[in-house]
Amino acid sequence: MTDLKKKLSSLPLCPGVYLMKNDEGKIIYVGKSKVLKNRVNSYFVNLSSHTPKTRVLVSQIADFEYILTDSEEEALALECNLIKKHRPKYNILLKDDKQYPYIKITTGEEFPRIVVTRQVKKDGSLYFGPYTAGMSIKEAVEEIRKVFRLRSCKKSIKQQNDRPCLYYQIGQCSAPCAGRISAEEYKGLVLEASAVLNGKDEAILSELKEKMLSASSALEFEKAAQYRDRIKSINDLGQNQKVSSSGENNIDYIGIYKEGMTYCVQIFYYRNGNAVGSEYFTLENELAEPSEVAENFVKQFYFTGVKIPKEVAISEDFDDRETISEWFSSNAGHRVTFTVPQRGKKAEIMKMVKNNARESLYKHRLLQNKSMEKQNRILSSLSELLNLSSPPYRIESYDISNTSGESSVGVQIVYVNAVPKKGLYRKFNIKTVDGANDYESTREVIFRRINEAYKEEDMIKSGALDADKAKFLPLPDLILLDGGKGHVNAVKMLFDTMGEDIPVFGLVKDKTHRTRGITDEYEEIELDKKSELFRFLAGMQDEVHRFAITTFRKRHEDKNIHSELEDIEGVGPATRTKLLKTFGSIEKIKTATLDELEAAIPVNIAKKVYTHFNS
């Protein structure tokens, strides 16, 4: 505590962010302040007046760091970034960490594409959104393609095709790849689509109406009908897009409800005076105050990029309302205010939103309970079937994929509490086995997986690794192999030499490559094909096979690309990627002219590539 007092006394009187750490050096809380010295010192005085949560937090603080900023608004932005990065234990964290989608028009290309993306980059493209759960982005993109026939594929426009694809036939692309539209005409479509997505379609509609009337006067009734249909489509599309605008009657209503340890935050989107969508978020924190939940929710939710309207009504007041308002106003390009309705129509709507928060929490718990009951049934049935000592909380499944023994890969998928956890999946390039030997390849993969776990255990004991950063721990409660008795026996022999006692079984397929049953090294165990357990095991076998095939294809493609491109002096992974993005395939790179290659990559490397394929 002596060292802490020295650090507290030397804190500056300026804005910044502070990071509280426990005795293991782990960040447990991130906060911001206009005056760091006053705010951080306040944690360690008058403890009896603190909230229960703050008292628990202070009891865990062993050290702290701080970062100075030029303003409180800058500290607010940094605080949000650090919370998202470190996810500290005592900060309010939303369970639903959503990355909202945007519509992207790739204006850096001669014939721009329209696509859905979840990442906004500074690449010169136009981005529209983000779109929340109440706003269907897929429908919006489909409508844009129907009305303006913008392309979405990555086909090279330089290599003209003889005939357009199916999207042209169904009216969702203007087929620039087949030369069915000029660059100038296409540019006009892009400008019109962008205007509609921005909600500024009046000028376009006016121009189209003039063209429709002109065609009608010239007795070109078919052309006039086309303009009429286009006007109608743009009107319909424009109505949908106005949902995400930031007009005067646009308000987000946020209601907060708590029951037990769980908070539910319900948000309703009102656009042009009408409710157009809603969603809810849950968080577990019995010690948090409603005002703290309110403040942290608006910071984290709108910080992700969700378009914020001019007014956000919220059921709970919170500190720093003005500072947060100023911060969002500067980012949104319009004034943003946070209000707490007390009377009138807005208060009535807020009451309805809070009632929905209570109902959403009830449904959320009901679904959770049903899901947990199903998971428990499956794991209990599996434990009973295989005569395990307890239900297998962590199950790992393995598969090998190759073609005639070449480019062999092994994969590991992980199910935790009967739910796939894709962040724990692992890939292994087979190193010690020649040819197509599934038994030895499986043995190599599992040996390497277990051995990595042993290494991590040693590192944790020595303090070189935090337990929560381990990638191969804990060991599985059950291993299921994509294979039969021979596969199981091979792994059992490995475990005998390693001194491991992890249960191992194989998932057996029939002649049509569908799951038939489960086996140990001696006999196959019969499964009821109508049971939940059978569907679960069949789903796991399909998933491990899918992951193995995908991994193998990727490695096989990379290996082929390497032999064609990276053997050329000066062509590394970055140049290879650039060439493939530009031309789409090796064959098109081979037939490209020197001018086309020089337009894509540095001139000196382009000459080497051209010479290699045309010598």
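1. Two strands are said to pair if DSSP finds at least two bridges between them. In this predicted model, strand β4 (residues 102-105) and β5 meet that condition with four bridges, and their pairing is antiparallel. Within this pair, Lys-104 stands opposite Val-115 in β5.

2. Strands β4 and β5 belong to an open sheet of three strands, ordered β5-β4-β6, with antiparallel pairing. Its edge strands, β5 (114-117) and β6 (126-128), each pair on one side only. On average, neighbouring strands of this sheet are turned by 30° against each other, direction ignored.

3. Helix α7 (residues 183-197) packs on this sheet and touches β4 and β6. The direction of helix α7 makes about 160° with that of β4.

4. Strand β7 (residues 251-259) runs parallel to β10 and is joined to it by four bridges; Tyr-253 has Ala-313 in β10 as its bridge partner. Strand β11 (residues 337-339) also runs parallel to β10, through three bridges, and Glu-311 has Thr-337 in β11 as its bridge partner. From β10 the chain crosses through helix α11 (residues 321-332) to β11, a β-α-β crossover that is right-handed.

5. In a regular strand, side chains alternate between the two faces of the sheet. Strand β10 (residues 311-314) has Glu-311 and Ala-313 pointing one way and Val-312 and Ile-314 the other way. All of these residues are buried.

6. How many disulfides does a search of the whole structure find? The search finds zero. Separately, Cys-173 counts as buried because its relative accessibility is 8%, under the 20% limit. Cys-177, with a relative accessible area of 6%, is buried.

Note on methods. Residues are numbered from 1 along each chain as its sequence is written. This is a predicted model: local features need pLDDT of at least 70, side-chain atom pairs count only at pLDDT 80 or more; totals for chains, interfaces and linings use all residues. Side-chain values use heavy atoms; hydrogens and water are left out. Buried means under 20% relative accessible area, exposed over 50%, partly exposed in between (1.4 Å probe, protein chains only). Helices (H or I, at least four residues) and strands (E, at least two) are DSSP runs, numbered from the N terminus. A crossover is right-handed if, with the strands pointing away from the viewer, the path from the first strand over the helix to the second runs clockwise. A disulfide is a pair of cysteine sulfur atoms within 2.5 Å. Axes are lines fitted to C-alpha atoms, for helices over the stretch in contact, and angles run from 0 to 180 degrees between N-to-C directions. Contact means heavy atoms within 4.5 Å.
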